[in-house]
Amino acid sequence: MKFLGIIPARYASTRFPAKPLAILGGKPVIQRVYEQVTSVLPDAVVATDDERIAEVVRSFGGNVVMTSTEHRSGTDRCYEALTKTPGEFDVVINIQGDEPFIQASQLQSVMDCFKDEETQIATLVKPFTPADGYDALENVNSPKVVINKNSQALYFSRSIIPFTRNKDRKEWLAGHTYYKHIGLYAYRTEVLREITSLPQSSLELAESLEQLRWLENGYVIKVGLTQVETIGIDTPQDLEKAEEFLSKHQ
């Protein structure tokens, strides 16, 4: 099975413009992401709509594909990049361009989901622990997932799911395993083509979670498990935390 890693990277960002080019430990964030990905996936490209990002990627020897400025999601950008990348691939892995600490084990976990021939789409979850605290569980920017006994996603929500009845909320993490969604996706190439042609769904619009469009249209999302915490960079403050993390783990 042949995998292609695609790293969508936009210059425009409301909370942190130009964040793929922000310097983290002496390297642009996008370079750190690319190096982490290519340690596992020899076939990888950055998909961008901005020549400034493309120029930086070329400068460190990375592969880059220019894509439209009109895309509304990373998934759409991934599909265009796939059509412009030479070669035949069975599965595309969509790695966010602001995840400089993505781990080989996490990529492998998603890839392993495709050992099941019925897997159409795969993603990653991490269990919340009591040490995370209720505030982390309640954070609407950290979507939660419920999964079935076959490790398939039943639903994603910004709300806490499931609701634990007859127990104080502060005790929920101690009494049930809640799962945090890690925004790493993989798709069989024919499925990627199909889902990019779907209109937005009512659940997606309600929660602002693209993956609900796929569930609402009957696609099955296989879920891989990781115990590794990631540090995504959405704001300048996140970059400061990432610098601190990097200094402790180099």
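## Exercises: burial and salt bridges

Helix α3 (residues 74–83) is mostly covered, with seven of its ten residues buried. Buried means under 20% relative accessible area, exposed over 50%, and partly exposed in between (1.4 Å probe, protein chains only). Helices (H or I, at least four residues) and strands (E, at least two) are DSSP runs, numbered from the N terminus.

This is a predicted model: local features need pLDDT of at least 70, side-chain atom pairs count only at pLDDT 80 or more, and totals for chains, interfaces and linings use all residues. Residues are numbered from 1 along each chain as its sequence is written, and side-chain values use heavy atoms, leaving out hydrogens and water.

**Exercise 1.** Which residues in α3 are buried?

*Solution.* Step through the helix. Thr75, Asp76, Arg77 and Cys78 are buried. Glu80, Ala81 and Leu82 are buried too. Now take arginine 77: its relative accessibility is 2%, so it counts as buried.

**Exercise 2.** Find the salt-bridge partner of arginine 77, and say what the pair ties together.

*Solution.* Start with the rule: a salt bridge is a side-chain nitrogen of Lys or Arg within 4 Å of a carboxyl oxygen of Asp or Glu. By this rule the count is 14. Arginine 77 meets aspartate 49 at 3.6 Å, N to O. Arginine 77 lies in helix α3 and aspartate 49 in the loop between β4 (44–48) and α2 (51–59), so the bridge ties together parts 28 residues apart in sequence.

**Exercise 3.** Is lysine 222 buried or exposed, and where does its partner aspartate 116 lie?

*Solution.* First, the bridge: aspartate 116 and lysine 222 meet at 3.7 Å, N to O. Aspartate 116 lies in the loop between α4 (104–112) and β7 (121–127), and lysine 222 in strand β11 (residues 221–225), so parts 106 residues apart in sequence are tied together. Then the cover. Lysine 222 is buried, with a relative accessible area of 18%. Aspartate 116 is partly exposed, at 29%.

**Exercise 4.** How many residues apart are glutamate 244 and lysine 248?

*Solution.* Both lie in helix α10 (residues 236–249), four residues apart, about one turn of the helix. Glutamate 244 is partly exposed, with a relative accessible area of 45%. Lysine 248 counts as exposed, at 59%.

**Exercise 5.** Which residues are linked in a network of salt bridges?

*Solution.* Look for Arg15, Lys19, Asp98 and Asp234; salt bridges link them in a network.
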